[in-house]
Amino acid sequence: MKKIILVLLAFLLFNSTFIDADFASNDLINKVEKKYNKFAKNRFIALNRVLEKNKNSPTSVKLEKINDFFNSIKYGSDRDVYGASDYWANPFEFLAKDKGDCEDYVIAKYLALEYLGIPRSKMFLSYVRLKGSNEAHMVLSYFETPKSEPLILDNVRKIIFPASKRDDLTFVFNFNPNVSSSSSATANSKWNKMISQYKGQKI
């Protein structure tokens with residue numbers, strides 16, 4: 001019985017530590033400072049604080065705070081930042097470089113909101129066409145229920161609006177790697193590569 005209790009305590013301690021762990025670990029933050037500078041380090045600390053402060057907030061507040069935090073990062077094309085035509089950065093790369101394009105904002109928001117307990121099934125990476133632009137664009141769509149009108153988290157129009165208020169957007173398709181009905185071989189490939197780098201804490 002004593003052995004069983006000790007095993008249960010160890011299990012609970014491990015899971016508690018995992019749940020309460022910072023989005024960006026101390027090891028990662030130190031690595032960021034060495035590779036970049038103290039300003040990059042401070043951005044990671046600021047993100048951990050935002051996440052910690054809002055872990056018990058209502059969903060609407062979580063959406064707003066995460067949207068605002070990542071929208072403060074400067075826009076930069078994949079060609080300028082990574083020397084590639086289409087690169088999906090993980091949130092750590094995005095935050096360390098303090099620059100990225102539309103899908104980088106969306107991915108960072110998605111994974112930060114997932115960390116805050118927002119169900120993955122409610123969030124979609126939405127490919128859209130932006131009025132007045134010839135370039136592809138991506139936003140994060142949040143569906144409270146499968147039949148709800150989605151809320152749009154965007155880096156162009158920085159305030160969250162329901163989709164019906166975004167008449168500047170034409171929706172092409174939604175992608176979610178964790179929902180079976182959402183399929184795109186190209187998007188899945190890019191997502192899987194990004195997630196591998198994210199888990200490896202690539203910066």
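These are my notebook entries on a predicted model of one protein chain.

**Entry 1: the whole chain.** I began with the totals. The chain has 203 residues, and 42% of them are buried. I counted eight helices and seven strands. I then looked up the accessible surface, which comes to about 11500 Å², with 55% of it belonging to carbon and sulfur atoms. For contacts, I took pairs of residues at least 6 apart in sequence; 58% of these contacts join residues at least 24 apart.

**Entry 2: the sheet.** I asked myself in what order the strands of the open sheet lie. Reading across, the five strands run β6-β5-β4-β3-β7, and their pairing is antiparallel. At the edges I found β6 (161-162) and β7 (169-175), each of which pairs on one side only.

**Entry 3: strand β3 and its partners.** I followed β3, residues 123-130, next. On one hand, β3 pairs with β4 (residues 136-142) over seven bridges, in the antiparallel sense. I noted two bridge partners in β4: S141 for F124, and M138 for Y127. β3 also pairs with β7, again antiparallel, over six bridges. Here I noted N174 in β7 as the bridge partner of S126.

Is β3 mostly covered or mostly uncovered? It is mostly covered, as six of its eight residues are buried.

**Entry 4: the helix across the sheet.** I looked up what lies across β3. Helix α7, residues 102-115, lies across β3, β4 and β5 (151-153). The helix runs at about 15° to β4.

**Entry 5: the cores.** The largest nonpolar core has 43 residues. Which of them touch the most other members? I listed F44, F70, W88, L125 and W191. Among the elements that give two or more residues to this core are α2 (26-35), α3 (38-53), α4 (59-71), α7, β3, β4 and α8 (185-199). The most comes from α7, with nine residues.

I also found a second, separate core of six residues, which includes V128, L130, I152 and L169.

Entry 6: I finished with L125. Leaving out residues up to four places away in sequence, I found that L125 touches W88, V106, I107, Y110, M138, V139, F173, N174, F175 and W191.

Technical notes:
Residues are numbered from 1 along each chain as its sequence is written. This is a predicted model: local features need pLDDT of at least 70, side-chain atom pairs count only at pLDDT 80 or more; totals for chains, interfaces and linings use all residues. Side-chain values use heavy atoms; hydrogens and water are left out. Two strands pair if DSSP finds at least two bridges between them. Helices (H or I, at least four residues) and strands (E, at least two) are DSSP runs, numbered from the N terminus. Contact means heavy atoms within 4.5 Å. Axes are lines fitted to C-alpha atoms, for helices over the stretch in contact, and angles run from 0 to 180 degrees between N-to-C directions. Buried means under 20% relative accessible area, exposed over 50%, partly exposed in between (1.4 Å probe, protein chains only). Accessible areas come from the Shrake-Rupley method with a 1.4 Å probe; for residues, only the protein chains shown count as cover. A nonpolar core is a set of buried Ala, Val, Leu, Ile, Met, Phe, Trp, Tyr and Cys residues joined through side-chain atoms within 4.5 Å.
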